[in-house]
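Colleague: I have the coordinates open and would like to know what stands behind the labels. Could we take them one at a time?

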Amino acid sequence: GKEEVKIESDSPYSCVEFLPAQDSLLVASTTAGNLFLYDIVTGEETLKFDVPDNVSGIYSVACHETNPLVVAACDNNELCFFDPTTGVCEHAMTAHGDVVTSVSFDSSGLYL
């Protein structure tokens with residue numbers, strides 16, 4: 001049979017999403033505001049994203065199908081845009097006057 005790989009965190013996971021360009025990589029956010037990239041074959045953390053200090057929780061993540069882009073819906077009413085190769089937050093913007101709890105790209109990848 002297949003060997004089981006466990007991926008653990010100090011706080012509960014709030015969202016997981018496969019990175020489309022590399023199906024063995026998984027982006028996972030936590031209720032404590034952390035964002036990680038894991039290799040699901042080895043179970044190893046390959047990257048910890050540089051989440052802005054004013055974020056204390058992440059509700060949802062979306063990975064773009066063709067571009068190196070991960071978007072996180074954060075508890076501070078912002079959307080944070082990350083480069084999944086470096087983990088750097090390239091841009092943050094206020095999404096709404098209220099908390100955004102879910103984020104996704106449309107099938108064309110043009111709209112968030």
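Modeller: Start with Tyr38, whose bridge partner in β4 is Glu45. One caution: the model is predicted.

Colleague: What joins β3 to β4, and in which sense do they run?

Modeller: Four bridges join β3 to β4, and the two run antiparallel. Two strands count as paired if there are at least two bridges between them, so β3 and β4 with four bridges qualify as a pair.

Colleague: What sheet does that pair belong to?

Modeller: An open sheet of four strands, in the order β1-β2-β3-β4, with antiparallel pairing. From one strand to the next, the twist averages 30 degrees.

Colleague: Why are β1 and β4 called edge strands?

Modeller: β1 and β4 each have a single partner strand, so one side of each is left without a neighbour in the sheet.

Colleague: How are β1 and β2 connected, and what pairs them?

Modeller: A hairpin of six residues joins β1 to β2. Strand β1, residues 13-18, pairs with β2 in the antiparallel sense over five bridges. Glu17 stands opposite Val27 in β2.

Colleague: What makes β2 mostly covered?

Modeller: Six of the six residues of β2 (residues 25-30) are buried. On one side these are Leu25, Val27 and Ser29, and on the other Leu26, Ala28 and Thr30, so both faces are covered.

Colleague: Back to Tyr38: is this residue buried or exposed?

Modeller: Tyr38 has 4% relative accessibility. Buried means under 20%, so Tyr38 counts as buried.

Colleague: Why is Tyr13 called partly exposed?

Modeller: The relative accessible area of Tyr13 is 29%. Partly exposed is the class between buried, under 20%, and exposed, over 50%, so Tyr13 is partly exposed.

Colleague: How many aromatic pairs does the structure hold?

Modeller: Three. One of them joins Tyr13 and Tyr38, with ring centres 6.3 Å apart and planes at 80 degrees. Centres must lie within 6.5 Å, and planes over 60 degrees apart count as edge-to-face, so this pair is edge-to-face. The pair links distant parts of the chain: Tyr13 is in strand β1 and Tyr38 in strand β3, 25 residues apart.

Colleague: Why is the pair of Phe36 and Tyr38 called tilted?

Modeller: The ring centres of Phe36 and Tyr38 are 5.7 Å apart and their planes stand at 35 degrees. Stacked needs under 30 degrees and edge-to-face over 60, so the pair is tilted. Phe36 and Tyr38 are both buried. Ring pairs link Tyr13, Phe36 and Tyr38 into a cluster.

Colleague: Which residues form the nonpolar patch on the surface?

Modeller: Phe18, Ile40 and Val41, with about 270 Å² of accessible area together. Val41 is found in the loop between β3 (35-39) and β4 (44-48).

Colleague: How do you know that Val41 counts as exposed?

Modeller: The relative accessibility of Val41 is 60%. Exposed means over 50%, so Val41 counts as exposed.

Colleague: What is the order of strands in the sheet that contains β5?

Modeller: That open sheet of four strands runs β5-β6-β7-β8, with antiparallel pairing. Its edge strands are β5 (58-63) and β8 (89-94), and each pairs on one side only. The twist averages 20 degrees from one strand to the next.

Technical notes:
Residues are numbered from 1 along each chain as its sequence is written. This is a predicted model: local features need pLDDT of at least 70, side-chain atom pairs count only at pLDDT 80 or more; totals for chains, interfaces and linings use all residues. Side-chain values use heavy atoms; hydrogens and water are left out. Patches are made of residues with over 30% relative accessible area and no salt bridge: like charges are joined within 9 Å, nonpolar side chains (Val, Leu, Ile, Met, Phe, Trp, Tyr) within 5 Å. Accessible areas come from the Shrake-Rupley method with a 1.4 Å probe; for residues, only the protein chains shown count as cover. A salt bridge is a side-chain nitrogen of Lys or Arg within 4 Å of a carboxyl oxygen of Asp or Glu. Buried means under 20% relative accessible area, exposed over 50%, partly exposed in between (1.4 Å probe, protein chains only). Axes are lines fitted to C-alpha atoms, for helices over the stretch in contact, and angles run from 0 to 180 degrees between N-to-C directions. Rings of Phe, Tyr and Trp (its six-membered ring) pair if their centres lie within 6.5 Å; planes under 30 degrees apart count as stacked, over 60 as edge-to-face and the rest as tilted.
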